[in-house]
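Subject: Structure for your review

Dear colleague,

Please find below the structure that I would like to hand over to you. My notes on it come directly after, and I would be grateful if you read them with the model open.

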Amino acid sequence: MATRSLNDTGRSRITHEMFDASLSRETGEPVLKISWDITPLSIRSKKKLVVDISNDRVEQRVELSEVGADVGEIIYPLSAEFAVGVTRIRIVAVTEDASGIPIIRAESVTTSFSTSGESTSKSILVVEPVADLAVIWELDFDSGDVILKVSNKDNLWSEQLRQSQIFKSTIIGHIVYAVALHLLATRDELAAGLVNWQNLLVPLGLNIDDSDEADVEDLMDQARDVSHAFQEDRKLLSHLISNLEEIE
Amino acid sequence: MLLDLRVFNESGNAKFSELVASKHPDTPSRAKKLSLDDSLTTAFISSNDLLLPTTKLELGQMLWPHIGPDTLHEDKAADPSFWNWLAARLMSECLEKSKSSVGNQKRWVYTAGSRNAYRHLMSSAYLIYSNHSDDPSAAMAILCSPLGVFGEVTEQILASRSIAGSVGTELATSLYYDPETKKNKAGSGGKDAGSPRRLAAFLNQIKLTVDYKSMTVPELLDLLPEEFERFK
């Protein structure tokens, strides 16, 4: 049976219910907004709450609360470095042990923000327009995120596909299939960015626990069934037909 | 002297990528030719103070006034077309000095993604300078090396973004850089006890419980296992 553990070091988990985050880049100047309520963790000792913000190139740290308040909100303008590309954040609560060494008492899963406009911590698919992508789209599981790379050659994404419900409804089934297969085939510790996907797909029939005993064809069949269940659950075919009728 | 800073256009990027992938023996001089081709590039800075850099430190010092934060062209610091152009322009000088071959394509052609972006020689050198622009001496374990050489210290520190973007670079400098010789200490390029590889492994291990990013270099030096004594 596959063993999947995100947190075996005694740290608590800052869950998605305990914080909201959004990254706005509509004006070209990235602004990060985070609100949090970690009272359920009951960390009574003196603590510091920080957020580590990173992209492919840089990482910076912002202190959310000097006094380690359990509840709060912060709006923080980021440097131009974060105006493009995928941005990731991770919230960390730090206390000190008896010898003064800073100990991580709680941390959130890494949350990723899409490169295209405004995105929030509830987004599970990170969209990354790529000017020189040779295909229309492809999936990338870099750093535990599910990144949808879409060609932006001649502004294909930003001016066309971004608004196209037809494009989105025709590819989402393939994306769900690929993510389900990735989850089924991943044997080591599950990457943080895939936790939300797992939570989404388990009720639709994804059965990870027995996946290491199944052969590849079984896994592919299961991923296909999960994708079908997702598409039926979201009524994608009806949406696509109504979209096409609107266009006509 | 460079005379100007440019970016490749789409065609320039494509031709440079093809050239590096071709592994042609004449790649460096062909790359420079591409970088000077007006139909493939657009200049955004022309200046007489763009001295040809030979080390990562000199590269950072040259670029900082032109693409640093709050400058007119700060967006170029995150623009692959600029880093590819600079790699093409400086490739022949870099390889001549280091007496090495072109090698890994990702050293010269910017490749997006957290596992690849740091491998670019020019972009990563500037990134480290940029992170320590207020005190470059804190990053000399990386900045002291020739521009065309990636090196073990650079590889191990930059491979973990959390180490490169925090006190990790300063810690590496404290351990491996010798201010008297202005070079990294003997043995710092190895993989044995106390090596940069072991340092990265140690920091990546303790980060599960210890928030080392909020610690100072002296505090971290106290925390290091005995194997690092020979570099202290």
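The notes below begin with the contact between the two chains and then turn to single residues and groups of residues.

Please keep in mind throughout that this is a predicted model.

**Chain A as a whole**

Chain A is built with 5 helices and 13 strands. It has 248 residues, and 44% of them count as buried. If one takes the contacts in chain A between residues at least 6 apart in sequence, 59% of these join residues at least 24 apart.

**Where the two chains meet**

The size of an interface is often given as the accessible area lost when the parts come together. Here chain A and chain B bury about 2,100 Å² between them, and 47% of that area is on carbon and sulfur atoms. Three residues deserve attention: Asp56(A), Arg57(A) and Glu59(A) supply 32% of the area that chain A buries against chain B, more than any other three residues.

**Salt bridges**

Over all chains, the structure holds 23 salt bridges. The side chain of Arg61(A) meets that of Asp211(B) in a salt bridge, at 2.8 Å from N to O. The side chains of Arg61(A) and Asp52(A) also meet in a salt bridge, at 2.8 Å from N to O. Are these two residues of chain A buried or partly exposed? Asp52(A) has a relative accessible area of 5%, so it is buried, while Arg61(A), at 27% relative accessibility, counts as partly exposed.

These bridges belong to a network. Salt bridges link Asp52(A), Glu59(A), Arg61(A), Arg90(A), Glu107(A), Asp211(B) and Lys213(B).

In chain A, the side chains of Asp233(A) and Arg234(A) meet at 2.4 Å, N to O. Asp233(A) is partly exposed, with a relative accessible area of 43%, and Arg234(A) is partly exposed at 34%. In chain B, a salt bridge joins the side chains of Glu229(B) and Lys232(B) at 3.1 Å, N to O. Glu229(B) counts as partly exposed at 44% relative accessibility, and Lys232(B) is partly exposed with a relative accessible area of 44%.

**Aromatic rings**

A pair of aromatic rings is described by the distance of the centres and the angle of the planes. The structure holds 10 aromatic pairs over all chains. In one of them, the rings of Phe82(B) and Trp83(B) have centres 4.9 Å apart and planes at 55 degrees, so this pair is tilted. Both Phe82(B) and Trp83(B) are buried.

Thr27(B) is placed in helix H2 (residues 27-35) of chain B. Why does Thr27(B) count as buried? Its relative accessibility is 1%, and buried means under 20%. Leaving aside neighbours within four places in sequence, Thr27(B) is in contact with Leu19(B), Val20(B), Ser22(B), Met91(B) and Val102(B). The side chain of Thr27(B) reaches the backbone oxygen of His24(B) at 2.5 Å. Thr27(B) and Ser92(B) are 65 residues apart in sequence, but their C-alpha atoms are 8.4 Å apart in space.

In chain A, Ser227(A) lies in helix H4 (residues 216-233). At 4% relative accessibility, Ser227(A) counts as buried. Not counting residues up to four places away in sequence, Ser227(A) touches Gly173(A), Val176(A) and Tyr177(A).

Yours sincerely

Conventions:
Residues numbered from 1 in each chain as written. Chains lettered and ligands numbered in written order. Predicted model: local features only at pLDDT ≥ 70, side-chain atom pairs only at ≥ 80, totals over all residues. Heavy atoms only, no water. Buried area = accessible area lost by both parts, 1.4 Å probe. Salt bridge = Lys/Arg side-chain N within 4 Å of Asp/Glu carboxyl O. Helix = DSSP H or I, 4+ residues; strand = E, 2+ residues; numbered from the N terminus. Buried < 20%, exposed > 50% of the residue type's maximum accessible area, 1.4 Å probe, protein only. Contact = heavy atoms within 4.5 Å. Phe/Tyr/Trp six-rings, centres within 6.5 Å; stacked < 30°, edge-to-face > 60°. Polar contact = N/O pair within 3.5 Å; in protein donor to acceptor, adjacent residues only side chain to side chain.
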